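This briefing covers one protein chain. It starts with a single residue and then turns to the core, the helix and the confidence of the model.

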Amino acid sequence: MIAVTEALGIKPCPFCGEYPMFWDEYDERFVSFTDRDDCRYYIECVNVGCACNPCTILFKTKEEAIEAWNKRVKETEE
Ligand SMILES: [Zn+2]
């Protein structure tokens, strides 16, 4: 596990506002999401108070995982 995350430019979880964990190890949970065994980076919110605990899929590089986590749909103003 890579101790995170503000320094890496990773945004806080959009649901709880806490910084997520950055993992650098393959996890069996992802076996149905990727057939690339060289993918091992993923970012996950592990805050017990979070209602959603979002998690990215596995990526080959740290940069790809960070980009995926940080991508947010633009919210419209009402
Ligand atoms: Zn969260």
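Ala68 is partly exposed, because 14 other C-beta atoms lie within 10 Å, a count between the 12 or fewer of an exposed residue and the 20 or more of a buried one. The model is predicted. Ala68 belongs to helix α1.

**Surroundings of Ala68**
- Leaving aside residues up to four places away in sequence, Ala68 touches Thr56 and Phe59.
- Thr56 lies 12 residues from Ala68 in sequence, and the two are 6.9 Å apart in space, C-alpha to C-alpha.

**Nonpolar core**
- The largest nonpolar core has 11 residues, namely Ile10, Phe22, Trp23, Tyr41, Tyr42, Ile43, Leu58, Phe59, Ala65, Ile66 and Trp69.
- At least two residues of this core come from each of β1, β2 (41-44) and α1.
- Phe59, one of the core residues, is also a contact of Ala68.

**Buried side of helix α1**
- The buried residues in α1 are Ala65, Ile66 and Trp69.
- These three cover an arc of only 100° around the axis, so they sit on the same side of α1.
- The buried residues of α1 pack against β2.

**Confidence**
- Across the protein chain the mean pLDDT is 84, and 79% of the residues reach 70 or more.
- Confidence is highest in helix α1 (residues 62-70), at 93, and lowest in strand β1 (residues 21-24), at a mean of 88.

Notes: Residues numbered from 1 in each chain as written. Predicted model: local features only at pLDDT ≥ 70, side-chain atom pairs only at ≥ 80, totals over all residues. pLDDT = per-residue confidence, 0-100. Helix = DSSP H or I, 4+ residues; strand = E, 2+ residues; numbered from the N terminus. Core = buried A, V, L, I, M, F, W, Y, C linked by C-beta atoms within 7 Å. Contact = placed C-beta atoms within 7 Å. Arc of directions from axis to C-beta.
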